[in-house]
Amino acid sequence: METTPFDIPELRHRISLFSTVKDALRCALVSKAWTDNYLSVIWFKINFDVQPWFAGLPPDIVAKHGHRIRIVNNAKLLYQVTAIANAGRRAVTTIPMFCTRVAENLTEVAFGYEHTSIEMILAVLLHKASLRGVILLSKNQSLRRPNHNLPPLLDHFKDSSQFLQLIPRTCPRLEKLILPAHEMNMNEVNMGEWACKDLRALHIRVKDLDTEDKIPKTIALWRKGCWRRWQKKAGAPIPVEANQEPMDNSIEARVARHLLKFEKLWSLIRRISRFVAVPDAVSCSLVAKSWTNDFTSVIWFKVDCTRLPRFCILPQHIIAKHGHRIRIVNNASSFAAVSALANAAIDQLRELHIETASRAIQHVLVYEIVSRNIRTLQDIHLSAVNLEGPDDDEDDDDENSNIYHRKYASFAHHVFVPALAPFLGAAGGSVSRLSTLTIKNMILTRDGLAAILQANPLLSELSLVRTNIVGKRTQLFRHRGVKQLNASMDTLFRHDAADPALLSYFPSLTYLGTSQELSGLFPTAQIKEDIARHCPGLSAYGLNGPPHFISYFCGQILRNITELTYEYGRTSIETITAILLHQASLKRLMIYGGFPDMDFDADDVVAVSDHFQHSSQLLQLIPRGCMRLEVLNLYLHEMNMDEIEMGTWVCKDLKVLQIRIKGLDTKAKIHRAIELWRKGCRRRSQEKATGTMVVMETQNETDLSMESRVARHLLQFDKLDSVWLGHRRWGPV
C-alpha cells in the first residue's frame with residue numbers, strides 16, 4: 001500500500017542516488033524495503049584514507065555486500081588489499097588507486113607514483129594481456145590542468161627504475177603510459193624492445209633531456225622522421241642525402257628514434273600542436289590525413305581580421321566547414337569581417353573583439369554573433385565607431401558635449417542589452433560563462449547595466465571605456481563577483497544626487513582603473529565617500545592622466561594604496577612624492593607605455609625610454625622607502641648601479657623585479673648576471689640545508705664587473721622568484 005511518495009520503489013531508488021553516506025545509513029534503518037536502495041549508496045565507494053575501518057570488517061560482511069562496491073581508492077597496504085579481495089573479483093569495476101590483485105582483466109590502472117614498488121609492478125603485470133593504460137601521478141600533478149613548464153622529478157624508485165621498463169616491454173595492448181614524475185634512462189630503454197606498438201599517449205621524462213632547448217630539438221627530429229615515413233608510404237622519392245646522414249648518438253636523436261617506433265602516438269601529436277605557429281601547423285596538416293584534424297584546429301583557433309584580411313573574403317562554404325573550430329576573434333571592425341563571422345557555423349567563440357558601425361545591417365549582425373555565442377563566450381570586447389575627429393580636443397567641454405549628443409542619436413552606439421543577457425537573448429536559459437566585458441564608445445542605460453550584471457554571475461572584470469551611463473535607475477543589482485572595474489572619472493563620479501554612484505553596483509571591487517578625460521575639478525569629498533561607503537576592499541588602482549591628475553588622486557583622495565599602475569610618461573617629481581605617501585601599504589608598483597603589447601618573454605632586448613632619466617635617482621626613493629613592496633615593474637626606466645648602491649632597498653619581500661640597468665644592455669651580459677645570481681641562490685640554499693658555509697669557485701666579492709654588481713644586488717632579496725633585466729623573465733632555478 002503506497003501511502004506516501006517514498007513508498008514508490010522507483011522514486012525511492014532515484015532519491016537514494018543523491019544521498020550522502022551518512023544519510024543513507026539512517027535511511028537504511030527505516031524499513032527492510034528501504035535497505036536495498038540505500039545499502040548500494042553506502043557500499044558504492046570505498047576510500048581507505050577516509051574509511052580506514054573498512055579493512056577491519058569481518059570477511060563474511062565484506063563477502064555479503066562486496067558485489068555493491070564500484071570504486072576503491074587508496075588501497076596501498078597489504079591488509080587493505082586483502083579486504084578488497086574478499087569482496088569478490090568481479091565486484092570492483094573501477095580502481096583509480098590500484099595496488100595488487102583486485103580484479104581480473106583490468107584495462108587501466110592508476111595510483112600515486114610515491115607508492116610505486118616492485119610488488120606493485122608485478123601485480124600490474126598480472127594483467128598484461130588486457131592492460132591498456134598505466135597512470136602514475138604524483139600528489140600535485142593532474143592530467144586535466146595543462147602545464148607548459150617542465151614538471152618536477154621525484155627521487156622515489158630511482159634506484160630501481162629499470163623495473164618500470166617491464167610494463168611497456170610485456171604489455172602488448174598498452175595504449176597509454178603516463179609517468180610524468182619519473183625520469184627514464186635511455187640506456188635502460190634500449191636494453192629491451194617495447195611491445196606496445198599501439199601506444200597513443202606517452203608522458204615520460206628522459207635523463208639528460210632536461211632543458212627547454214633539447215626537448216624542441218627532439219620533437220623536431222621526431223617530426224622529421226614522421227614526415228619521411230609518410231613520404232615512403234605514399235611512394236614519394238626520398239632524397240639521397242637523407243639515407244646518407246651519419247648516425248647521430250645525441251640524446252635528442254636517440255629519443256626521437258625511440259618515438260618513431262610507435263606510429264599511433266597521436267596524443268603526443270595533439271600536445272605538440274598547441275605549441276606550433278600557424279605556418280608550421282599548415283605544413284603539419286599536410287603530412288597525413290590523421291594529422292589534419294589536430295593541426296587544422298590550430299590554424300582556425302584564432303582569427304585576427306587585421307593580420308589575416310583574406311579571412312573576410314573566404315567563401316561561405318569554407319567558413320561553414322571550419323567555423324566550429326574558431327575560438328578567438330580579434331579586430332572584427334569592417335563590414336566584410338562581420339559578414340564573414342555571421343556564418344552560423346561559428347558558434348563556439350571564447351573571445352570576441354568586434355565593432356558596430358553606423359550601418360544598421362552591421363549593427364544587427366554584430367548582436368546576432370554575440371547572441372549565438374553567448375553560451376561559450378568568456379571575453380567580449382564590444383565597441384562602436386569613434387565619433388571623435390582628428391582635430392577634436394578631449395579637454396574641450398563643448399566638443400565632448402557634441403560627441404555625446406552624436407552618440408546618443410546614433411542607433412549603433414546604443415548597447416543591445418538582450419544579446420548580453422543569456423536568459424533574454426537567443427541562448428534561452430543558458431548559464432553565462434562571461435568573465436570579462438569591455439564596452440567602448442557606447443551608450444548604456446543604468447537598468448541595462450543592472451540587467452547585464454544580473455545575467456552574468458561569473459563576470460569578474462568590466463571596462464566602460466568612453467561609455468556613457470544614462471537614464472534613471474528602476475532597479476539596483478549589486479554584483480559581488482566583479483573585482484576589476486575600468487571607467488573614466490566622468491562616468492564614475494559625475495552623476496545626479498538622486499542617482500546611486502556607479503561604484504554601488506560593485507561592493508567587492510578590489511581594482512579600479514580610471515582616467516581623466518574631461519577638464520575641471522571633481523568633488524574630492526564625494527569621491528572619498530563613494531569609495532569608502534561602497535567599496536571598502538578597494539586598494540589597487542590604475543591611473544591614466546596628466547601628472548597633476550595622478551598626484552592629485554594619490555595625494556588628495558586615496559588612502560592605503562596596495563597596488564598602483566600608471567603610464568611611465570607621466571612620471572614626475574610630484575608623482576613620486578604622491579606615491580611615497582603610501583609607502584607603508586604599497587605592495588605592487590607597475591608602469592605601462594611605449595610598447596602596447598609588451599612581451600616580457602621576448603627574445604630581443606627592449607629599448608629604454610629617455611623620459612625622467614635626468615632625475616632617475618629620485619625613483620630610488622620608492623624601493624628605499626616602501627618596505628612591503630613585492631612587485632616593482634619599471635621596465636622602461638634605466639637605473640644606474642652607482643645610484644642603486646648609494647642606499648639600501650628596504651623591500652626585502654620583493655618577489656618580482658622588472659628593471660633595466662645601465663651597462664647591462666646585451667643578451668650576453670644579462671645572461672651572465674642571471675647566471676651569477678642563480679649560483680648565489682644555489683649556494684644560499686645549500687647553506688640553509690646544511691647549516692655550513694659553502695664556498696664556490698665563482699664566489700668573488702671583489703668582482704666589480706656590472707654583471708657581478710647586479711647579481712649581488714639581486715641576492716639581497718631571498719623571496720625574489722622573477723627577474724627581468726631587458727630580455728626574458730628568469731627565475732632563481
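The model is a predicted one, where local features need pLDDT of at least 70 and side-chain atom pairs count only at pLDDT 80 or more, while totals for chains, interfaces and linings use all residues. Residues are numbered from 1 along each chain as its sequence is written, and side-chain values use heavy atoms, with hydrogens and water left out.

Trp649 also turns up, with Tyr541 and Leu564, among the residues with the most contacts inside the largest nonpolar core, which has 117 residues. Such a core is a set of buried Ala, Val, Leu, Ile, Met, Phe, Trp, Tyr and Cys residues joined through side-chain atoms within 4.5 Å; buried means under 20% relative accessible area with a 1.4 Å probe, protein chains only. Helix 27 (residues 667–690) gives this core its largest share, six residues. Helices are DSSP runs of H or I with at least four residues, strands are runs of E with at least two, and both are numbered from the N terminus. Another core, of 42 residues, lies apart and includes Ile121 and Val276.

Then there is an open sheet of four strands, in the order 3-4-5-6 and paired in parallel; two strands pair if DSSP finds at least two bridges between them. Strand 3 (108–112) and strand 6 (201–206) each have a single partner strand, so one side of each is left without a neighbour in the sheet. Strand 3 is joined to strand 4 (residues 133–137) by five bridges, and Ala110 has Ile135 as its bridge partner in strand 4.

Methods: Buried < 20%, exposed > 50% of the residue type's maximum accessible area, 1.4 Å probe, protein only.
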